[in-house]
Amino acid sequence: MIDRVALFVTCLADTLFPNAGKATVTVLERLGIEVVFPPDQTCCGQMHGNSGYPAEATALARRFVDVFGGFDAIVTPSGSCAAQVREHFGDLLGGNDRGVPGRTWELSQFLTGVLGLEDVGSTFEGTVAYHPTCHSLRLLRVGDAPLRLLRAVPGVDLRELPDAEECCGFGGTFAVKNADVSTAMLDEKIAAITASGAENVCACDSSCLMHIGGGLRRRGVPVRPIHLAEILAS
Amino acid sequence: MTHSSLDPAAARDARPESFPHAATGALANHQVRANIRHATTSIRRKRAGVVAEVPDWELLRAAGAAIKDETLASLDAVLIELEASIQAAGGTVHWARDAAEANEIVVGLVRAEGAEEVVKVKSLATDEIRLNEALEGAGIRPIETDLAELIVQLAGERPSHLLVPAIHKNRVEIRDLFRERLGRPDLSDDPTELAEAARLHLREAFLRARVAISGANFAAADTGTICVVESEGNGRMCTTLPDVLITVMGIEKAIPRFRDLEVFLQLLPRSSTGERMNPYTSLWTGVCEGDGPHAFHLVLLDAGRTRVLADPAGRPALRCIRCSACINVCPVYRQTGGHAYHSPYAGPIGAILAPQLLGEEGAVASLPFASSLCGACYDVCPVLIDIPSILVHERGKAVARERSGIEGRSLKVLGKAFATRAGYERAQRLGRKLQRPLARDGWIAHFPPGPLGAWGRSRDLPALPAQTFREWWESRDEPA
Amino acid sequence: MTSPREAILARVRASLADTPSAVAVSRTYRLRGERDRAGVIELFVERVRAYEATVVVADDPGAAVASALEAAGARRVGIAPDLDRRLRPPGVELIEDQGLDSRDLDGLDGAVTTCASACAETGTIAIDGGPGQGRRALSLVPDLHVCVVRAEAIVETVPELIAALEPSAREGRPIVLVSGPSATSDIELTRVEGVHGPRRLVVIVAT
């Protein structure tokens, strides 16, 4: 049984969405798990790797392994950052990854897969549409883990999101390099969210939520973007 | 029927544009986007249905990938064996280093036959080398016989999808085109009636044709058998009725053994048209006395394929069997259609193949960035091409080649800053300081030009909060 | 000067210089089916029918051919010179294809052929120019194709079909796989039966 984890909060949540990080701490501590935050952590290098800067990505991956190498379990509230560690570190580091990829977990995978839990003692009031982010879905293969967690929360009224598995159009630097296509994809996602009738749109990645949330606000759509951890922490 | 002089696509190609630029134009065409959305939605559903009923689908994918890798790893030997098998069966094999050489060979063969027109089966290889333009330049009329290729040719356009080149046109537009170009003012927009009009229009061409040109889906080296899969019967007509058959094929289409078709003839139809099997598959081996053409020529085309082969990370792109499943699930293609890719190879596979084939130059150089890396393409690829990883690899090549703009400089600076805790925390504080003139009520809604401005055209951005997570964590540790 | 052939082969070899050549292909997929004979025939009928072709299971294939031609209103019908006598119905003008030209074939109402083998899972018939099948043009140009399939020639899976056809390929005989009537999905990806190939396909399973 794992009773101590290192939190990799991600550079984005640390800087821009601290509530996702705080919520992750709340959920884990509620379950009696000791949370350690190694302060030397910075960034997993995903943005560099995906944008065509493998040297920078490799340096950040090496740093990540140095910082987290001593922990049995590393938990992060991000599907795409967990995917960067689990799926890409091996190649970037030529195998010198100290087994860190296999010990790094996205929050919903950790709760359901490692701890075997669905009910984590949360309550929440409201209608929720769940958007499965691409990297959690197709790289990490979290499957329905987030949905099982959400279904176990009393008061969550899950609404079906049409074409849920379509990309929201974020894609890191894609969102600015191909801003118009990214926007067209976002428009479809927002139409689907609106059609779901939910008051909240929930995901496992702050990055996609930043894109969706920024689009909702610009369009004056009164739907709240919310990280899965924030619902589970309620 | 020609489209050389008034071809808007050709005019556009003379002024290469990047994908984002072309995409912006494509996004404005709501009719095309609606047509593509409608068509790809229906094909995706069909594909998913017929793939789900195959219990060993994943094993077939693995075998398909392995056969292609085996071929590529010994491509020289496979090509030599293919050549020998075809020669033994009475066919002739030609080799073309590039598009110009291939076109010259084909034009020469048609001229030697004294033919003034040729019937053509849909072929991406011939689209790629612009064979039709070369034929027209030599006074030879190419007649596209695939319904969609005919539509595109009549409209003076370029194909916008590997498998369904006229996917950007709906039935009303096709009706109007046929009314005008086929002299059939009576036509309705019923697809059955439109297909019938094409049948009547082309039947005479098939009956009088002396030379046909095709591509190839597979070529089995051990038997020398060429395989063309199709639906309409135009492929059968072209490969059966004329006196002379010329097949233009990329060298990566060879497979070692006839037996390997047992894998690909399961993977291809289900992935491409969403059928258990396509209506017609033609398999021929050289020439056969008393049945079909009396002369068969195979043109083996390099045109950049050996360049792709030379890069082990990009090489799996050559496994592609041109099914178009990746295109049909691609959320980017779904918005832009195929023309924005400036290549016969559109969508995710186009974004990794076209730049590699053309040496990452010209209009296709921006294609590796035309993806959100959502991964839907890899999930459906029947030969397990990890398209997202190759996109990333190609991005790295592009970045290394072109010295960076503002985005590149920012990423480099961030990369350096994130190398130490102090640098990272300094960047966080700097960000909070720099945003001050922009942030209001916790949000940034008005942006300076550059990457932030591109973001801000359609999205607000949350302002950096007063306290980072790590600052909160430290304050939490302090005794209350 | 180097020939294009030598240049391309040299490029290939240079590209592969540091690549290990051994790649193992593991054929762990299904190589044969598990249904019994009746099950295979039943699946074949279902799958051919799914393509909007007509399928008849008959213990008297000659009579079935006659009714198929009659139902289609076909009067002048092309056949291979070696078509089994029992498959030649009376009361129909049967024209043996002794090198008919394409226009002659175009003037026929239909063609009656046999086939080499068939695949149940995909509803496919395979023609390889063997007895009763004629050359490829015979079953292509006329607008109706009536094809008689011996029940024992139906295999269940694609690997079994390809194995059955490999000897023909080795002999250099052209092969056509037919799965339903000709079709196109080129207009809005809506399937339309019937373009250039025969618009009507009748498959008679002779038991």
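Student: How do you know that no contact joins chain A and chain C?

Tutor: Contact means heavy atoms within 4.5 Å, and no contact of this kind joins chain A and chain C, whose closest C-alpha atoms lie 18 Å apart. Please keep in mind that this is a predicted model, in which local features need pLDDT of at least 70 and side-chain atom pairs count only at pLDDT 80 or more, while totals for chains, interfaces and linings use all residues. Residues are numbered from 1 along each chain as its sequence is written, chains are lettered from A and ligands numbered from 1 in the order in which they are written, and side-chain values use heavy atoms, with hydrogens and water left out.

Student: Which chains share the most contacts?

Tutor: Of the 2 pairs of chains in contact, that is chains B and C, where 74 residues of chain C are in contact with 95 residues of chain B. For chain B and chain A, 64 residues of chain B are in contact with 64 residues of chain A.

Student: What makes up the area buried between chain C and chain B?

Tutor: Buried area is the accessible area (1.4 Å probe) that two parts lose on being put together, summed over both. For chain C and chain B this comes to about 7500 Å², with 58% given by carbon and sulfur atoms, and chain B and chain A bury about 5400 Å² between them, 58% of it on carbon and sulfur atoms.

Student: Why is the pair R171(B) and E188(C) called a salt bridge?

Tutor: The term asks for a side-chain nitrogen of Lys or Arg within 4 Å of a carboxyl oxygen of Asp or Glu. The side chains of R171(B) and E188(C) meet at 3.2 Å, N to O, and form a salt bridge, and the count between chain C and chain B is 15 salt bridges. Between chain B and chain A the count is 11, including R457(B) with D180(A), whose closest N and O atoms are 3.1 Å apart.

Student: What makes the salt bridge of E166(A) and R334(B) one that joins two chains?

Tutor: The side chains of E166(A) and R334(B) meet at 3.9 Å, N to O. E166(A) lies in the loop between β6 (156-159) and α9 (174-177) of chain A, whereas R334(B) lies in helix α16 (residues 331-336) of chain B, so the pair joins two chains. Helices (H or I, at least four residues) and strands (E, at least two) are DSSP runs, numbered from the N terminus.

Student: Why are α2(A) and α23(B) called oblique to each other?

Tutor: Axes are lines fitted to C-alpha atoms, for helices over the stretch in contact, and angles run from 0 to 180 degrees between N-to-C directions. Angles under 35 degrees count as roughly parallel, over 145 as roughly antiparallel, 65 to 115 as roughly perpendicular and the rest as oblique. Helix α2 (residues 18-30) of chain A and helix α23 (residues 469-477) of chain B pack at about 45°, with their axes 8 Å apart, and α2(A) and α23(B) are therefore oblique.

Student: Which residues meet there?

Tutor: P18(A), G21(A), K22(A), V25(A) and E29(A) in α2(A) meet F469(B), W472(B), W473(B) and R476(B) in α23(B).
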